[in-house]
Amino acid sequence: MRRRVAGGLLAALSLALAGCAGDAGTRARLQPDVVAGSRSGTIEVSVDRRIELLSVIQLLSGYFLTTQHDTTYKREVASYFAPHANHRAVTLFREMSAGDFRFSDVPDAVLRFSPPPALDQRMPITPAIAAAAGGEARLLELIAAMRDFAQVSDFESFYRAHEGEYRTLAERARPGVTTLGLDLQSYTGQRIDHAAVVLGPLLHDGGFAALYDLPGGRAEAFAFIGPAAATQGQPDFGDERRLSELAAHEFAHLVVNPLTAASRADIDASAANLAPIARAMQRNGYSEWHVAVSEHVIRGLTARLIARRWGEAEGEAAIRKEVEGGFAYAPAVYAALRRYEADRATYPTLAAFYPELIAVFAAPLTS
């Protein structure tokens, strides 16, 4: 679900940069629930109470973006919470997700509240999230229903009974996250702070993301990743390659989006070049030129990280896949980033090289 994932993340960061998320004094930092997690450098990996409660409700509602893999955990969830299948939280989420309250907007909204059972509001509800939910009042109604669901179903007991499993999942994912943190920071020359990978045993095979602005112009990012398979009945989140690629794409926004925002005047000067790829970009959820530029850069950057760790053939295969998805400038970005890697003395950071990347988009496509 990278289309809505990245689009939602960029929208959130755009609000942060514009200062539209409310007074800094009201913006409490979102802390992932790490009772069942592990920390790796500046990136944390965990199973989050809020996402698990949400996922249980989504599973009971028949939401299409829950895991299709048959795991023991999924069967235990279905059995334990079956008596509450008609709870208001379940029926209300079913109604809301039949509209626009889907994809990354859902975890983005829920992480604006504290872990259950309290589910107290921690962050402002943005206009975009409110619109997707059918209004702020509707979202608050859902949160109140989730609070009641957690109480009447004794969600806390279920969660605590599985803490050992959650810790095991987090530890298995840790090597991939370590690789991501080291590679991304070294490659861009920028420290990645306040980033968390949230594993969701009930999430779909793919990823979501959410980004929140913090006081002082900083940002906090979450990447939500579901299992790729079931192995001996257990959720399997894949190997180091899968975890690194999924999370790298999301966390690269922390570096790339501010650089794009700071270069809008230069980027907008070539906005006419969107026309030949406009239809493809719209299919991916990107209708604005500067958004398309950021996405191309992030995809090229991710492919270069793949190439450097797993070989050029793998990186080139990743770029071909992006071209098939409509990202026609991806090969040029990929080639430009090779020049960046070859001359880090001149370009110690991606920020220093960013004007060269912008130049890629100044030229119309030749084919």
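Student: What links Tyr73, Tyr80, Phe81, Phe149, Phe155, Phe158, Tyr159 and Tyr166 into a cluster?

Tutor: These residues are joined into a cluster by ring pairs. Rings of Phe, Tyr and Trp (its six-membered ring) pair if their centres lie within 6.5 Å; planes under 30 degrees apart count as stacked, over 60 as edge-to-face and the rest as tilted. The model is predicted, and local features need pLDDT of at least 70, side-chain atom pairs count only at pLDDT 80 or more, while totals for chains, interfaces and linings use all residues. Residues are numbered from 1 along each chain as its sequence is written, and side-chain values use heavy atoms, with hydrogens and water left out.

Student: Why is the pair of Phe81 and Phe155 called tilted?

Tutor: The ring centres of Phe81 and Phe155 are 6.4 Å apart and their planes stand at 35°. Phe81 lies in the loop between α3 (72–80) and α4 (88–97), and Phe155 in helix α8 (residues 155–161), so the pair ties together parts that are 74 residues apart in sequence. Helices here are DSSP runs (H or I, at least four residues), as are strands (E, at least two), numbered from the N terminus. Both Phe81 and Phe155 are buried.

Student: What makes the pair of Trp289 and Phe361 edge-to-face?

Tutor: The planes of Trp289 and Phe361 are 80° apart, with 5.9 Å from centre to centre. The angle is over 60 degrees, and therefore the pair is edge-to-face. Trp289 belongs to helix α13 and Phe361 to helix α16 (residues 350–362), so this pair ties together parts that are 72 residues apart in sequence.

Student: Why is Ser270 called buried?

Tutor: Buried means under 20% relative accessible area, exposed over 50%, and partly exposed in between (1.4 Å probe, protein chains only). Ser270 has 9% relative accessibility, so Ser270 counts as buried. Ser270 is found in the loop between α11 (264–268) and α12 (278–284). Not counting residues up to four places away in sequence, Ser270 is in contact (heavy atoms within 4.5 Å) with Trp289, Phe361 and Ala362.

Student: How do you know that Arg242 and Asp205 form a salt bridge?

Tutor: A salt bridge is a side-chain nitrogen of Lys or Arg within 4 Å of a carboxyl oxygen of Asp or Glu. For Arg242 and Asp205 the distance is 2.8 Å from N to O, so the pair meets the rule. Arg242 lies in helix α10 (residues 240–262) and Asp205 in the loop between β3 (195–199) and β4 (207–213), so parts that are 37 residues apart in sequence are tied together. Arg242, at 16%, is buried, whereas Asp205, at 46%, is partly exposed.

Student: Which residues are linked in a network of salt bridges?

Tutor: The network links Arg304, Arg308, Glu312, Glu316, Arg338 and Glu341. Within it, the side chains of Arg338 and Glu312 meet at 3.0 Å, N to O.

Student: What makes Arg304 count as lying over the face of Tyr334?

Tutor: A charge sits over a ring if NZ of Lys or CZ of Arg is within 6 Å of the ring centre and within 35 degrees of the ring normal. Arg304 lies over the face of Tyr334 at 4.8 Å from the ring centre, a distance within the 6 Å limit.
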